[in-house]
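Subject: Structure for your files

Hello,

Here is the structure we discussed, with the notes on it below. Please look it over when you have time.

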Amino acid sequence: MTTENLALSKAITRALHDEMTENPKVLALGEDIGKLGGVFRVTDGLQKEFGARRVMDTPLGEAGIIGTSVGMALRGYRPVPEIQFDGFVFPAFNQITTQLARLRGRTNGQYEIPVTIRLPYGGSVGAIEHHSESPEAYFAHTPGLRVVTPSSAHDAYWMLRASIQHPDPVIFMEPKRRYWLKGEVDFSDTDFNPFCAATLREGSDLTLVSYGPMVPTALAAAEAAREDGHDVEVIDLRSISPLDIETICASVAKTGRLVVAQEAYNFVSVASEISAAVTERCFYSLEAPVLRVGAFHTPYPVPRSEEEYVPGIDRILEAIDRSFAY
Amino acid sequence: MPAELTPEQSSGKIYPGVLPLLRIMDEEGAILEDGTFSPYVQDVGEAELKEAYRQMKVTRRFDDEATALQRQGQMSLWAPSRGQEAAQVGSAMGLLPQDYVVPSYREHALAFARGVEFTDLVKFFRGSETSPWDIKKHNFHPYTVVLAAQVPHAVGYAMALNFDRELEETTGEKQMGQGQFSASEENAQPAAVAVYFGDGSSTEGEIHESMVFAASYNAPVLFFVQNNQWAISVPFKTQSRVPLSTRAAGYGIEGLRVDGNDVLAVAAATRYAMKKIRSGEGPVLIEAETYRLGAHTTADDPTKYRTGEEENEYAQRDPLIRLEKYLRHNKLADESFFEGVDQEAQQVASEVRRVALVAEPAEYETNFDFAYAKPHTQTENDRRFYREYNAGFEEE
Ligand SMILES: Cc1ncc(C[n+]2csc(CCOP(=O)(O)OP(=O)(O)O)c2C)c(N)n1
Ligand SMILES: [Mg+2]
């Protein structure tokens with residue numbers, strides 16, 4: 001059987017399992033990932049199968065986790081460190097941006113640093129402060145890093161495998177509120193390319209671009225827009241860096257309208273970059289300005305008011321209406 | 001202002017655990033016996049000491065040349081190693097070619113001892129290359145400018161050496177890393193890692209995390225801190241109330257405090273530490289007490305923060321003078337030896353000057369090649385723009 005119905009989190013577990021089985025140089029490390037199987041149980045069972053050397057419960061220090069991962073990579077290993085939550089990646093920010101991202105360049109290609117950082121991210125899980133952040137733009141901004149984020153179990157499985165196999169460092173961002181989203185994983189899809197966007201729904205009137213946890217919301221908004229007579233095309237970026245701007249522009253050339261929906265703050269964001277890039281490349285195809293739907297420029301609020309903050313279907317529909325109003 | 005320690009405090013009576021300072025050769029070049037450490041340098045004879053002197057002296061001359069080149073506008077910056085040569089050369093005497101050495105940015109004597117050519121090294125500060133030497137051949141990591149950021153890398157590398165050993169046992173296959181120089185059959189001692197940082201850097205959080213990780217995983221790594229008393233303008237007492245070697249105990253690892261201007265003491269301490277590390281007993285921290293005789297860099301002005309008296313006092317304790325005294329008093333080296341070394345140093349300096357004046361960066365486009373291992377859309381788009389932009393000028 002080549003397909004199986006899995007929750008997104010279990011697809012990640014399976015990808016880690018399969019990479020570790022195929023390559024003895026693949027290692028997993030992080031806080032509570034061994035015995036406990038991670039706070040989201042994504043690494044559940046792996047330490048039992050591969051041992052405590054390959055699935056390490058590390059001391060509590062994010063700079064140490066990423067810094068030692070870099071060192072292991074120098075020595076030919078493929079570490080897959082986990083950062084427990086989005087809001088706790090910043091103690092490792094220096095290691096990620098000044099070291100991990102730049103060592104290949106700094107050594108004129110004498111070294112490859114194939115580290116894949118697993119980073120559960122995003123909100124709408126009712127969590128206390130610092131457990132609901134969307135820090136992708138910080139990393140996408142940094143040359144030398146690749147940043148990818150799946151929205152389905154199938155993509156999660158193949159994107160993680162491709163990330164671990166890739167010679168460049170990858171920030172693998174896991175949409176934690178979609179961990180329990182089930183989907184078919186096709187294990188025969190070996191040519192999967194994680195760095196190109198996927199058109200999840202074809203449409204002729206407006207292009208709606210999204211990624212990660214916001215993708216199911218975007219699909220639902222497209223469905224709702226159909227009732228208003230709008231035929232919306234939905235694109236899942238999958239990769240934030242590199243950004244598959246060709247696929248977006250090809251769609252905009254067809255529809256003439258673009259809305260980008262994300263959970264992150266709009267200001268200086270992935271949506272901002274897409275707006276600029278599309279304006280530069282297909283200005284004459286546009287019937288309306290590119291519109292962004294994202295978080296407000298305030299810190300993530302308390303969980304009891306996060307519904308006001310994280311864009312839902314209605315905020316996307318409002319932007320779609322605004323686009324058609326031009 | 002941080003408090004001055006009273007003699008009582010620094011004696012270890014108030015802060016227990018302050019370690020005695022290891023010395024083997026005193027300032028007059030006389031030998032002091034140490035029951036534990038002297039045996040580690042018992043075999044260091046005339047040839048080794050002359051070689052140590054040669055490395056220190058050639059580095060000193062190169063250092064002066066580099067400072068002059070910077071003044072003449074040929075370099076972006078220069079960070080002199082003047083005064084720290086014994087700490088660096090002495091530690092190199094305890095390392096093997098298969099050991100992976102991770103420097104900070106002032107380890108010029110160490111680089112030379114590892115076989116790096118100064119004609120290459122100078123390109124880093126000239127601003128024409130970031131890794132101007134063959135890293136894997138010398139097992140000498142590139143300089144790191146973000147203080148302490150290299151230290152967890154060294155720990156991770158050392159952890160990986162332990163993984164290698166386990167893989168070698170289970171698979172029978174020799175682990176080659178990314179092609180770093182590995183031990184020959186004759187000298188098959190297990191490889192380890194040595195990482196260098198300064199007294200100022202010791203305050204960075206990454207040092208703390210590195211020590212914890214190294215201790216928890218029993219990583220074969222030597223932490224070598226050159227306490228040169230200054231972090232640019234900030235004196236050591238602002239970083240710590242106690243010698244840094246005292247901190248080792250807090251991590252459950254052995255600490256050693258050594259006179260960093262005594263090449264024999266540093267060599268002995270490093271050999272002792274590496275023996276322990278290689279035999280699987282985990283990390284060791286060596287603090288070499290030395291002094292930065294020069295400015296922090298050519299952009300610095302030490303007259304603003306330290307006295308001439310202090311500088312003069314330390315100049316008397318110059319590690320080169322000490323070793324020269326020893327070699328002369330014991331008639332291990334005659335005038336022709338010193339003249340020969342000076343001549344070589346002069347040659348190296350001229351060669352550096354010749355190379356520095358013409359060292360240019362690689363073709364700009366290599367920047368696009370090295371940012372990623374495989375093509376990245378945005379980088380490739382910029383490369384295309386760069387080419388077209390330049391082609392536009394050619395047409396005109
Ligand atoms: C993270 C970081 N902070 C600040 C600096 C600027 N800086 C460069 S060297 C230096 C002092 C370092 O002192 P120390 O660690 O004692 O090394 P030394 O220069 O004495 O060899 C400072 C503050 C830096 N390079 N990196
Ligand atoms: Mg210092």
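In this predicted model, a nitrogen atom of ligand 1 lies 2.8 Å from a polar backbone atom of V145(B); a polar contact here is a pair of N or O atoms within 3.5 Å, and within protein one must be able to donate a hydrogen and the other to accept it, with residues adjacent in sequence counted only if both atoms are side-chain atoms. Oxygen atoms of ligand 1 take part too: one is 2.6 Å from a polar side-chain atom of Y105(B), and one is 2.9 Å from a polar backbone atom of W230(B). On its own, ligand 1 has 590 Å² of accessible area, of which the protein covers 72% (Shrake-Rupley method, 1.4 Å probe).

Ligand 1 is surrounded by 15 residues, each with a heavy atom within 4 Å of it. Among the closest are R106(B), G200(B) and S201(B). By type, the shell holds 7 nonpolar, 5 polar and 3 charged residues, with Gly counted as polar and Tyr and Trp as nonpolar.

Chain B itself splits into domain 1 (12-362) and domain 2 (363-396), with bounds from an automatic or database domain assignment. Their C-alpha centres are 39 Å apart.

Residues are numbered from 1 along each chain as its sequence is written, while chains are lettered from A and ligands numbered from 1 in the order in which they are written. Local features need pLDDT of at least 70 and side-chain atom pairs pLDDT 80 or more, whereas totals for chains, interfaces and linings use all residues; side-chain values use heavy atoms, leaving out hydrogens and water.

Regards
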